[in-house]
Every structure is written in structure tokens, then in C-alpha cells.
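Please consult the sequence and the structure shown below.

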Amino acid sequence: MMVRKVESDKRLLLGLDLGTSAVKVGLFDAAGHPLRQARQAYPLYTPRPGWAEQEPEAWWSATCDALQKALAEADTDRVVAVGLSGQVPSQVLVAADGTSLGRAIVWSDRRATAEAAWLAERVTPKQARAWTGCAFITGVTQPPARLLWLKAHRPDDWARCAAVVQPKDLVALRLTGRVTTDANSAFGLFNPRTGQYAASLLTLLGVEPEKMPPVLEPTAVAGHVTPKASSATGLRPGTPVVIGTVDAWCDIIGCGGIAPGCAVDVAGTSEVVALVTEQPVDGEGVLGAPLVEGRYWVGGPMQVGGAALAWLARCFYGQEQPDFGLLEAEASAVAPGAEGLLFLPYLQGERAPVWDPAARGAFAGLTDRHTRAHCARAVYEGVAFAVRDLLERCQAAAGIVPEVLRVSGGGSASAFWNQVKADIVGLPVQRMTVLDAACLGAALLAAVGVGAFGGLDEASGEMVRVGDTFDPVATRVSRYDGLFAAWRRLYPALRPVFSQLGGL
């Protein structure tokens, strides 16, 4: 489909990112300048230990509110496309009429332990890679185990379910009336090499293929805004909706992560580290995945990033809403290295690079001279050490050493944390001008999808900009090199203890 006939300098593009804590909407001009931004929060429910759920109807209500706010003073005739981004893997069951069936299980949920163990006994990493292109599909947070749990524990909902979709795909359904997804969002069940769902895996799971949504390219038009959706959101009826992709992918794109060798750190509730490559690669503890247009990335998601700061604020400062200014003031008053105090940020188990739901957080080196401020500094540094760990594994897998690290997400708003990361990683850290890079990435996909640009390289060159740069300080880099060597030994040393604790 071609872009609507709107003068190129007047075209507007809208990116929508359905995250864990809130939906974010960004309205951009064709040069990538953010014109209007809106955010609407919704709750996360944890009714049992290890469970994480959200209400799909709350997502839709928040999406309508955020779109109305972002479009309140806009000429919606100039909006040529909407692009979507969202959290994954999060399972939403929808009925034939498009209504959601119960709460969605979101990405951080770890309830499907028995199902994951059952799968691990029957699916080898080699078989998993042959079926889906990924060796890590039997984990407790991955779609196969989740589907087994839903079938076993919510049989009535499963029987009524017409499709299992991801959060952004529910939004697309409500906007257009069509059920769709993209290959990246279908990971763990879909084989990108064949362009088909893994039939043998679905048979093993006992999952009806017709419950799997049709798979489109991230730049494909999923449909057009219906009159009903127009009334709810303020979007012009008939506006094209581009299906988009996973929030991490959109973050990479929104950071300009198109060229091979570009390294990206998405500092959100969780943390995602990626290195862009020309060919598909994978390595120890890291994943390789297609990006777009003949580009790939290697890396992976950590289970917590900014969530570690929320935990710090709650447990050490008594704050349900973190006062990041106070946390940074205390942490920055402590010398780099926190006087030998190290923090392992595996508070919710860990995904990349250890893929161990039994992993736990830990302070190491604690003495009676350490204070709350030392603990705060150690938490900031611990997440940054984890970023370095992932990035070095990416470099080893790809044989590429990046020149800079681009950062986006809420955590990148902190100049203090960006500097800590620069000193620990040993690379200049570039903060993007648009921190909600997933919104911008979704807008770029939308622009390409309706022909506003010839491809993502062109769109990125026009719409993506770097803001501040934080250069590493040589004396701190030297100090952190020694501490990182010690930090990296923590998990292997504590793994037997974590395994024992998991059974108690």
C-alpha cells in the first residue's frame, strides 16, 4: 500500500508501544521530531508467587486514553500510519468475537515450571533449533510451556479461544478487526526459515494450528482503523495500522540499530542488549534473531533492569514510587566499586545469558562498613555488569567489537547510570534524543509499511538522532575491569546454592 496523498513535509506517523507498566504513544513528523507524547499506566497483578498477569481490557482502555491525548490537538488527516510495538511473550486468549478470555499471562510470569520440565525432557536444544530457529524454547517463560499450562489449568477458556495473540496484536485486532501477528512475536512456535509454524511442536503441545494467528512482516499493513475504533481513539477511520513487532526489536530500530556493529542497550523494566549483524549468529547464552531487511541481531533479555531499582527503592528506602533523585544522590556519593561490594541482579531468576529460573539476587563482599548508599551504588553497577556480560558474549559470537553503545528506555534518562555503564562497558554511551525508542521504532516501521520511505535505512537516516554522549573515564574503566572479573564468577559459584534454595 502506498502512503496517503499528504505532502511529505506534513506527514505524521504514530508509534504505539504496549509495555509492562504502561502504554506509550508518540506522534512524530517525517523528520522524527516528537510532536506529542502520551502515557497511560495499568496494573500488574501477582496473585501468587511467580505469577504475573494483566487485564487485556485495561490495555485497550489505556490505549484509547493515550491515543486521545496524543491526538487531541493534531490534524488526524495528516496521520498516514500507525505502527505497533509490544511486550512479549505474553499470552492473550481471545474469543471468535474478539473479546479477551480472562487475564493475560505476561512475560515475567514463571508459573509453568512443571510444563517446562516436561518439555525439557522431550525437546533437545538441537531439536528446538531445527523447529523454531531457537534453542531456548523449553524455558518456564517461553510460549510452549505457557500454552501447556493454559490448556491444563484454564480448559474452558482454551476451548472458547479462537486465537492466542500478543498484547500489541490485541490492540491491532481492536483497531482493525483482524487477527494477525509478526514472525518475531511468534517466536518459540514459528520457524522463520520456513515461514510456517512448527507443526511437529504444535502436535507435541496438542495445540490446534488454527489458534495461531497469521504471520505478517513487521512492515505489513494489518488492516485499517474501523469506525468503531475511530470513535474510541480519535484516529481517522481508514488509517493504516502496520503490525510492527516486539518492543525490543522496535527499540533497536528506534535507536538506529540498522548497521552491522551497532550495539544497543534498552534500559526498561527489564534490560535488553543487542548487537546488529549481517548474518544470523548465536553463541553461549545469547540468541540470534532476524531484525529486518537482511539484518540480524544477537543478544537477549535480562529479567530485570530498572526493576532492580524499584526493588532497591522499596526495600531500602520504603518507597513504592522510587525517588530516583535520592537513589542517585546516595549512590553517586560512593566511589566506583562500592568499596568491594558486588550485586548480582537475578532477583526474578534470569533469562540471558544464564537462562535459569532458579537464579537469585545476591550481595557479595558485604561488611559492617557498608551503608545503604553502598548497596545503592552496587545495584546500579550490578545491572551494568550484567549489560557488559551480555555484550561481551555478543561480541564473541559475532566477532564484532562495537565502537559505541546506544541506550534508550526509561533508565537512559539517568545521566549517572549512563556514566556508570560507560565506565563498566568501556565504550562511549550514546543516549538517543527519543528515549521511548520503541515508539519511534514502531513509527519507522509504519513509515516504511505505507511507502513513506524506501526502506528502514532511509527512514532511520531521516528520523533517528543521537543526543548526549557519555565517555568512559580511564581510571574507572581499569577499576571496573578487575571487579567485573570477580562479578562474573559469582553466578557459577552460587548456582549450586540457588538450586538447593529452589527446592525449599
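Phe 316 has a relative accessible area of 26% and is therefore partly exposed (buried means under 20%, exposed over 50%, and partly exposed in between, with a 1.4 Å probe and protein chains only). This is a predicted model, in which local features need pLDDT of at least 70 and side-chain atom pairs count only at pLDDT 80 or more, while totals for chains, interfaces and linings use all residues. Residues are numbered from 1 along each chain as its sequence is written, and side-chain values use heavy atoms, with hydrogens and water left out.

**Aromatic pairs**

- Rings of Phe, Tyr and Trp (its six-membered ring) pair if their centres lie within 6.5 Å; planes under 30 degrees apart count as stacked, over 60 as edge-to-face and the rest as tilted.
- By this rule the count comes to 17 aromatic pairs.
- One of them is the stacked pair of Phe 136 and Trp 355, with 4.9 Å centre to centre and 15° between the planes.
- Phe 136 lies in the loop between helix 3 (125-132) and helix 4 (143-153), and Trp 355 in the loop between strand 19 (342-344) and strand 20 (362-364), so this pair ties together parts that are 219 residues apart in sequence. Helices (H or I, at least four residues) and strands (E, at least two) are DSSP runs, numbered from the N terminus.
- Phe 136 is partly exposed at 26% relative accessibility, and Trp 355 is partly exposed at 22%.
- Trp 311 and Phe 316 form an edge-to-face pair, with 5.7 Å centre to centre and 70° between the planes.
- One aromatic cluster is formed by Trp 311, Phe 316, Phe 343 and Phe 363.

**Helix 10 and helix 11**

- The axes of helix 10 (residues 306-317) and helix 11 (residues 324-332) come within 11 Å and cross at roughly 85°. Axes are lines fitted to C-alpha atoms, for helices over the stretch in contact, and angles run from 0 to 180 degrees between N-to-C directions.
- Helix 10 and helix 11 are therefore roughly perpendicular to each other (65 to 115 degrees).
- Leu 309, Leu 312, Ala 313 and Tyr 317 in helix 10 meet Phe 324, Leu 326, Leu 327 and Glu 330 in helix 11, where contact means heavy atoms within 4.5 Å.

**Helix 1 and helix 6**

- The axes of helix 1 (residues 56-70) and helix 6 (residues 167-176) come within 10 Å and cross at roughly 60°.
- In helix 1, Pro 56, Glu 57, Trp 59, Trp 60 and Thr 63 meet Pro 167, Leu 170, Val 171, Arg 174 and Leu 175 of helix 6.

Key: Parallel < 35°, antiparallel > 145°, perpendicular 65-115°, else oblique.
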